[in-house]
Amino acid sequence: MSLLKPFSKLPGLNSANILLVESKEEFQQSLADALVQETAFTVNVRLAKSLPLPMENEESRPRIDLVAFIIDLTSELSFQSTEASLKCLDPGYFLGKVCFMVTNARNAAAPIERLDAVRKLAASLHCPLLFTEDQRCVMFSPLQTPDGVTNATERLLTILKVAAGLVPMATALYLSNLTRSTVSPDIDQPSFD
Amino acid sequence: MAATLSLSGSPGLDPSSSSDQSVSSRSNNRSLRVAEKERKKNEAEDPFVLALKYFSDVEAGTPVHGNDEVEKNMVMVEKVAYMKGLSPEAISIMLEFAMSLRMGTTLCARVLKCLIPATVVPQEAVVRAVVWLGIGKIPISTRILFIKWVLTVFDMIDAKDQLRAIYGFIFSYVTEENLFPFICHLLYLLTRKESVRVFRVRKLLELQSRLGRQPFLLSLLSLYKVFCPELVTLSISSRIKSGFRNHNMPWKSALIAVQKRNGSQVATSISLASAIKTNPRKRKHCHLELPVLSSVVSKEAQTDPSSSRKVVPLVQLHSFAHILENMHRIELPAQMGSLLGSSLALQYLDCVQDESALLRLNFWLGHALHEEFLFCGDGGASQNSEEALQFLNTLLSTQHFLQEGFSCSEAFLYKFLSVWDGSLLRPQILGLLSNIPVVPSSQIRRLLFEPLMQLFFTSSLFFKCGLMECLNNMLLKWLTWHSVYALEDDLDISLNSHTSINMTLSRFKDSVMELVDFVGQLASLSLQLEGCHSLLLSFILDFYETVCDTFLKYGLPLVVMPTPGVFYPALFATDPVSVDRLAYIMYRYKVNLTSAKSQEKLTEVKAFHISRQTFREFNHYAVVMVNCLWNSNMFQPDMGVQLGEELLLKSNVPQYWTSFDLIHHPAFMSYAVDFHQRCWPERKDMDLNSIKHSKPWSWYLEYLFSQGYDGLKQFVQSNISRPLTAAGGHVDRQDDGHVDRQDNGHVDGQGDRQDNGQDDGLSTLQR
């Protein structure tokens, strides 16, 4: 099984490469379109349904700086596919070059246990857990907040910049210490007072 | 069949029940007229009236299977129900038909599922149905469905007095385990002070011992406790989360659809969408919204004209004077959410401190927030809708008006933060966040700081700035709360309002310390990650402007110095405003520390003790700042920034020790150049060091201060004494930039710091 390795290739100049892994392949497209709009540095987005990546592209593929797994909480398949894909990553990625992005977290159809399981997974791997709203909102006022995709893009770029080494004095591992997800005990406990 | 049943209840209710019937018949007339109009327009209406007639006349025992007629009529009724909702009369008929089990149990559930009211639900129908609940052999699941239906349409029931009259009857159902949660919810909505009796409390407690501390039971008991605290001795946590689950699933979407279609403004708490549509109306035209309810209430009171207990519904009062007149007999509306928009109602609520009303309001609010933002049915597609935004804005303005938050919104926020993406409804969420009351320091990290940290470092610069501002507001509110409510002699500070917090002074100080430390941590890390962005720095300095004055402005005996990760970026910032603000902050710190020190000496009470560490830190910062800006003496050993000499020499910067003084500092160099040109316009070569001579130096300072840098001015005046004699001052200057100092109240140039081992932390500043 070919593992995806973080440091086996040289980085590009003023550029960053991100891999979006989503088993449903819906959200990643709009996210990718927004990501390439970034002008401060070149962002190359690669999309995948799951890992391992096909062997044919092995040579031409650049060094992947950040792997973002997109999990839809309303689908069990999404979560399982992510868990399976994780095994195809070199452990070096878990030093801040992996992040999890969760959609539909506030949906009533998403069972709470699944969200807890994702949280536990992210916490055990010391990775950040980002929540996104994947709905495009309707423009109703000129002063409205950016919609879910724009925001998700901004957040991914924040992490990507550090992971690609474009922020001086900050490494991916350093940032991951600050952003890693934690599993807190249930807020609803009666002892909360 | 409907006519033969008589209503139970006291005789005093009869006038009101007849008026009920007149009210309902009026609305029935209206709906018949409407129905007639519809019929004239559309022939398809005819089958509906026929179908209703069929259901009201059908004989008991008619078979269902293979009965095409009943199927046809049923489909007709369902169609109308889902399209525009059923009229009160139709509901009456259908409910009667279903609950009496005239055609067996199979149709009952089906009818209940399609009972979507168009306007109101007649009270008698519900009462009759409750009676059937006891008599008939309705299967358990259908009973549960019925109760759920009552809960769903509760606010559409036109009056509640008869339901309240049969409170005991409804209460008797608590023994049935399957119905228990739903009956509890219904009782919760119907309970009044009169309903709380010892035997009922005993029964509930007995059930609790059998079934455990179920949330619905606890909510009902807490409501009982609010009404009669002496009867319920159980200790119940004051922060009850939403104890009742949502029961309106089968009807919710249909109800929303029907109401949208009808454009009706009926008071309801079914869905937030309709509640939001009615809320703005309620704010301005309350009396239009609940005429049925209020008139029933006042008529009920009029049955006893001799008694002065004429209850005035809150919705009828329109001015503050009115409220003052009727203070003792105001009745709150059934829908507590309608109070949120009206400032008059809020004033009344705040003044009267009616715990049951607050409990109900909290319950409804928590429920609404959870429903709309945490467990969205459609995954949040409507989240950026006007209604959600307006709701939150209303809530924010309410909290702003009351000057504090609701406990339910606090609980909601903690849950929401853990699934927030950072941009959805950001201004509102940050606004609500700044309103949360003081969090105990043992919980604050887990509840607040961890989710915030995860959001902070992955979000954009603007979110970081927004969160800084939010935390600043939070600190401001906490400090204000303390300064208002802290008792002078007592170290115990408690708040008698919606949020009953009991907190000692030391615990409060702990929480504030935690918050300030947390912000300091966020600030220093984010400044490094964002390359000392000036916008972020500005928000951070805002925060420290609040922190530096905690003692003098807010009376909190606590002084916390800024972290080095904030101090140095501000000192070396490339924009003069940041340096100026830093100077102002340092000046305020000095004022606070000196006053604290003198107070400690005066009062002899060790209530307030600033640690030596704090003084040391301050001294260190002050010395660094003066050395850097004034003495042109950077990079000395055990100053703040240490760089090896070889490295500095390698940089090829001439006279590197002057590189951050008031002339060469990147922020002020433009002013120095400008000054130089004005001072010596004929000179060709720019020699900035010539400003350092005594006369031009004082002129230069005056020039700087005249540009609006008051912070610098105050800092210089408080820390550096420059005796200005007629000859232009005799501040000796040596070539290597040392300045000799005169005495009284300024900073040493070099080394002279003495720490005599006493607690005289500011000894270096005052000799």
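**View 1. The surroundings of T103(A).** Leaving aside residues up to four places away in sequence, T103(A) touches F27(A), I70(A), I71(A), D72(A), L73(A), T132(A) and D134(A). This is a predicted model, and here we look at strand β4 of chain A, residues 98–103, where T103(A) is found. With a relative accessible area of 3%, T103(A) is buried.

**View 2. Strand β3 of chain A and its partners.** Welcome to strand β3(A), residues 66–72: 7 of its 7 residues are buried, so the strand is largely enclosed by the rest of the structure. Strand β1 of chain A, residues 15–22, runs parallel to β3(A) and is joined to it by 5 bridges; look for L20(A) opposite A68(A). β4(A) also pairs with β3(A) in the parallel sense, over 6 bridges, and there I70(A) stands opposite M101(A).

**View 3. Y700(B) in the largest nonpolar core.** This core has 200 residues, and L156(A), L433(B) and Y700(B) are those with the most contacts inside it. Not counting residues up to four places away in sequence, Y700(B) touches L662(B), I663(B), F668(B), Y671(B), A672(B), F675(B) and I691(B). Another core, of 84 residues, lies apart from it and includes F48(B), A81(B), F154(B) and F182(B).

**View 4. A nonpolar patch on the surface.** Here V131(B), I135(B) and F169(B) come together in a patch with about 260 Å² of accessible area together. You will find F169(B) in helix α9 of chain B, residues 167–171. F169(B) is partly exposed, with a relative accessible area of 37%.

Definitions and conventions: Residues numbered from 1 in each chain as written. Chains lettered and ligands numbered in written order. Predicted model: local features only at pLDDT ≥ 70, side-chain atom pairs only at ≥ 80, totals over all residues. Heavy atoms only, no water. Core = buried A, V, L, I, M, F, W, Y, C linked by side-chain atoms within 4.5 Å. Buried < 20%, exposed > 50% of the residue type's maximum accessible area, 1.4 Å probe, protein only. Contact = heavy atoms within 4.5 Å. Helix = DSSP H or I, 4+ residues; strand = E, 2+ residues; numbered from the N terminus. Patch = residues over 30% accessible without salt bridge, like charges linked within 9 Å, V, L, I, M, F, W, Y side chains within 5 Å. Areas by Shrake-Rupley, 256 points an atom, 1.4 Å probe, with all protein chains shown as cover. Salt bridge = Lys/Arg side-chain N within 4 Å of Asp/Glu carboxyl O. Pairing = 2+ DSSP bridges.
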